[in-house]
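Hi everyone, thanks for making time. I'd like to walk you through one model today, so let me put it up on the screen.

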Amino acid sequence: MENKHYFDKLYQESKDLLWKGFIHKKQLKYLLEELKQGKVLDLGAGEGADAIFLAKKGFKVKAADISETAINRIKEIAKKEKVSLEAETADLETYQIKENYDAIISFATIHFLKKEQIDKIIKEIKEHTNKGGINIIMVFREGDETQGDFDMYYFKDGELKQYYTGWEILSYREYEKLDTAHGKPHTHKIATIIAKK
Ligand SMILES: C[S@@+](CC[C@H](N)C(=O)[O-])C[C@H]1O[C@@H](n2cnc3c(N)ncnc32)[C@H](O)[C@@H]1O
């Protein structure tokens with residue numbers, strides 16, 4: 001099954017929130033502290049926990065994801081919690097960013113693209129970030145326990161960081177994390193970069 005349909009099916013099948021409302025607070029604190037306000041784009045926003053968290057903090061947020069089920073869920077939660085944000089379906093394989101943002105974030109998503117598409121979307125992300133703005137990108141690395149199960153791109157050690165030569169690196173970490181949100185508990189090998197233009 002293609003990754004795009006895989007996720008929509010997972011969202012449809014999960015009665016509760018698939019990612020249990022998990023917010024990447026440790027990483028997003030950089031936006032709160034360095035930017036305080038501004039426009040944020042969340043690519044592969046899932047059910048929108050990060051997007052809604054940032055909107056509640058006063059950021060003007062747009063959330064994009066390929067899954068219509070996830071996007072509808074974001075809209076429902078935002079309405080229920082009286083939060084204003086934009087949410088749209090988008091396929092990052094062909095997505096073109098239309099405006100500039102103060103921050104563009106993408107957690108556990110762009111590794112579902114092919115290497116050439118990853119090069120293209122990171123170029124787009126960087127170009128559409130305002131000067132002084134921040135990018136946060138989280139991807140899986142080679143040796144991740146899901147390697148072989150999905151047709152996705154696993155980053156080499158240090159590879160994500162290379163995209164941000166010339167930017168100020170606020171944080172770059174390679175680490176392992178247990179995922180108990182779906183299927184059998186499994187460990188991800190992760191790289192996360194937080195970079196300032
Ligand atoms: C592991 S989830 C991460 C969701 C959220 N960022 C988080 O960290 O909780 C990956 C997300 O990427 C989305 N996705 C996968 N392929 C995509 C594509 N080609 N374009 C846009 N979104 C995609 C899936 O629908 C899913 O919501």
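Two bits of housekeeping. This is a predicted model, where local features need pLDDT of at least 70 and side-chain atom pairs count only at pLDDT 80 or more, while totals for chains, interfaces and linings use all residues. Residues are numbered from 1 along each chain as its sequence is written, and side-chain values use heavy atoms, with hydrogens and water left out.

Okay, the ligand. Around the ligand sit 18 residues, and the closest are Y11, G44, D65, D91 and L92; to be in that set, a residue needs a heavy atom within 4 Å of the ligand. Which polar backbone atoms lie by a ligand nitrogen? For F107 the distance to a ligand nitrogen is 3.0 Å, for I66 it's 3.2 Å, and for a backbone N or O atom of A90 it's 3.5 Å. The protein covers 94% of the 600 Å² of accessible area that the ligand has on its own, with areas from the Shrake-Rupley method and a 1.4 Å probe; for residues, only the protein chains shown count as cover.

Now to the strands. Helices (H or I, at least four residues) and strands (E, at least two) are DSSP runs, numbered from the N terminus. Strand 4, residues 101–107, runs parallel to strand 5, with six bridges joining them; two strands pair if DSSP finds at least two bridges between them.

Is strand 5 mostly covered or mostly open? Mostly covered: nine of the 12 residues in strand 5 (129–140) are buried. Buried here means under 20% relative accessible area, exposed over 50%, and partly exposed in between, with a 1.4 Å probe and protein chains only.

N135 sits in that strand, and at 0% relative accessibility N135 counts as buried. The side chain of N135 makes a polar contact of 2.8 Å with the side chain of Y164. A polar contact is a pair of N or O atoms within 3.5 Å; within protein, one must be able to donate a hydrogen and the other to accept it, and residues adjacent in sequence count only if both atoms are side-chain atoms. Beyond four places in sequence, N135 is in contact with residues including I104, W167 and I194, contact being heavy atoms within 4.5 Å.

Over to strand 6, residues 168–179, where you'll find D179. D179 is buried too, at 13% relative accessible area. What does the D179 side chain pair with? It has a 3.0 Å polar contact with the side chain of H188. Setting aside residues up to four places away in sequence, D179 touches K184, P185, H186 and H188.

Last stop, a couple of helices. I52 is in helix 3, residues 49–56, and is buried at 6%. Its contacts beyond four places in sequence include I74, I77 and L85. I52 and I77 are 25 residues apart in sequence and 8.3 Å apart, C-alpha to C-alpha. K29, in helix 2 (residues 25–34), is partly exposed at 35%. Happy to zoom in on anything.
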